[in-house]
Amino acid sequence: MIPLDVFGSESVAADLLQQVRWRDGVTCPRCRSDRTVRNGSYREFQRYLCKDCDRTFNDKTGTIFAHSKVVLRRWLFSIYAFLRFNTSLRQLQCEIEVTHKTMHRRIERFARALDAPSLDLVGPVEIDEVYVSAGKKGRERDQESRSRGLSTRGRGSYDGDKPPVFILADRGTGQRYVIPAKAANESTIRLLLADRQEESLTVYTDGFRAYEPLEADDAFTREYVVHGDGEYADEEVHVNTCESHASLTRRWLSPHRGISKDKLTQYLRAFQLRRELYRKPGRDALKHAIRATL
């Protein structure tokens with residue numbers, strides 16, 4: 001259920017932020033001391049005094065919500081709609097009545113606060129790559145605008161505004177990882193598979209030649225299907241999970257009409273977070289999203 005009470009009341013939104021941020025106790029955001037006492041209020045937010053550094057702070061201090069003229073309940077609505085419904089920034093601009101520049105800056109600040117996914121592969125692991133449109137959107141250009149889509153046949157490239165994005169599906173844990181890269185080559189693949197629990201990791205791939213060196217490495221057991229020969233699944237050997245997740249990745253990026261290469265990592269981290277809260281009820285999903293930024 002959508003937490004409408006949070007989006008309709010600033011005091012309820014402030015209480016929710018307080019619950020999530022201080023779930024392990026109040027600590028000073030400056031000196032990390034837990035010797036704090038309540039010290040009045042700042043609008044709807046509780047204010048505290050640190051007995052070690054003798055400075056005051058409130059529930060928003062040191063968060064992405066600090067120093068914003070837009071009320072907290074509207075920012076929480078924007079984050080919720082962005083993650084849950086993949087709402088475009090233009091639409092969010094209309095919903096909370098701020099400028100597009102302000103909305104863009106705040107959503108980017110939210111995405112930058114998200115941590116990179118921590119890989120700990122159990123295996124077997126599917127790995128596949130997808131190429132997405134990401135160019136120089138939002139930056140000064142020294143050349144004419146490019147056309148959408150590839151001008152030449154073949155795989156995309158970072159320099160050609162079609163950077164590769166690797167999809168990893170760990171069948172042992174059920175985790176899915178979406179990681180952008182500058183090149184789809186052997187060194188990148190080895191780096192992605194480095195954090196594993198087993199000495200010999202079973203890896204399922206397609207026939208892309210960059211995966212071929214894994215066969216000569218005792219650290220991996222590579223099994224693959226060749227799509228060019230019409231092979232898509234051989235019992236448990238397939239990359240269908242990755243391809244399904246790749247289609248969701250493209251759908252996530254679609255409403256934003258071309259992502260800058262500089263911002264692609266941030267948007268994909270937001271997509272990773274979206275999957276984590278996919279089956280959570282509304283209030284729990286919002287709490288999880290807030291917690292991810294702290």
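Biologist: Does arginine 23 count as buried, partly exposed or exposed, and at what relative accessibility?

Modeller: The model is a predicted one. In it, arginine 23 is found in the loop between helix 2 (10–21) and strand 1 (36–42). Buried means under 20% relative accessible area and exposed means over 50%, with partly exposed in between. Arginine 23 therefore counts as partly exposed, at a relative accessibility of 46%.

Biologist: What distance separates the C-alpha atoms of arginine 23 and tyrosine 211?

Modeller: The C-alpha trace of the protein spans about 70 × 50 × 35 Å along its principal axes. Arginine 23 and tyrosine 211 are 188 residues apart along the chain, and the separation of their C-alpha atoms is 45 Å.

Biologist: Why is the pair of tyrosine 80 and phenylalanine 85 described as it is, and which class does it belong to?

Modeller: By the ring-pair rule the count comes to 10 aromatic pairs. For tyrosine 80 and phenylalanine 85, the ring centres are 6.0 Å apart and the planes stand at 75°. Planes over 60 degrees apart meet the criterion, so this pair is edge-to-face.

Biologist: At what angle do the ring planes of phenylalanine 208 and tyrosine 211 stand?

Modeller: Both phenylalanine 208 and tyrosine 211 are buried. Their ring centres are 5.8 Å apart, and the pair is edge-to-face because the planes stand at 85°.

Biologist: Which residues make the nonpolar surface patch of about 310 Å²?

Modeller: Leucine 4, in helix 1 (residues 4–8), is exposed, with a relative accessible area of 61%. Phenylalanine 85 is partly exposed and also belongs to an aromatic cluster with Phe7, Phe77 and Tyr80. The patch is made by Ile2, Leu4 and Phe85.

Biologist: Why are arginine 112 and glutamate 108 separated by about one helical turn, and which helix holds them?

Modeller: Arginine 112 forms a salt bridge with glutamate 108, with the closest N and O atoms 3.8 Å apart. Arginine 112 is partly exposed at 48% relative accessibility, whereas glutamate 108 is buried at 10%. They are separated by about one helical turn because they lie 4 residues apart in helix 5 (residues 100–112).

Biologist: Which residue forms a salt bridge with arginine 222?

Modeller: Arginine 222 is buried, with a relative accessible area of 10%. The closest N and O atoms of the bridge are 2.7 Å apart, and the partner is glutamate 215.

Biologist: Which residues form the negative surface patch?

Modeller: One member, aspartate 234, is placed in the loop between strand 9 (220–224) and helix 7 (240–253). The patch is formed by Asp229, Glu231, Asp234, Glu235 and Glu236.

Methods:
Residues are numbered from 1 along each chain as its sequence is written. This is a predicted model: local features need pLDDT of at least 70, side-chain atom pairs count only at pLDDT 80 or more; totals for chains, interfaces and linings use all residues. Side-chain values use heavy atoms; hydrogens and water are left out. Patches are made of residues with over 30% relative accessible area and no salt bridge: like charges are joined within 9 Å, nonpolar side chains (Val, Leu, Ile, Met, Phe, Trp, Tyr) within 5 Å. Accessible areas come from the Shrake-Rupley method with a 1.4 Å probe; for residues, only the protein chains shown count as cover. A salt bridge is a side-chain nitrogen of Lys or Arg within 4 Å of a carboxyl oxygen of Asp or Glu. Lys and Arg count as positive and Asp and Glu as negative; His and the chain ends are not counted. The place of a charge is taken as NZ of Lys, CZ of Arg, CG of Asp or CD of Glu. Helices (H or I, at least four residues) and strands (E, at least two) are DSSP runs, numbered from the N terminus. Rings of Phe, Tyr and Trp (its six-membered ring) pair if their centres lie within 6.5 Å; planes under 30 degrees apart count as stacked, over 60 as edge-to-face and the rest as tilted. Buried means under 20% relative accessible area, exposed over 50%, partly exposed in between (1.4 Å probe, protein chains only).
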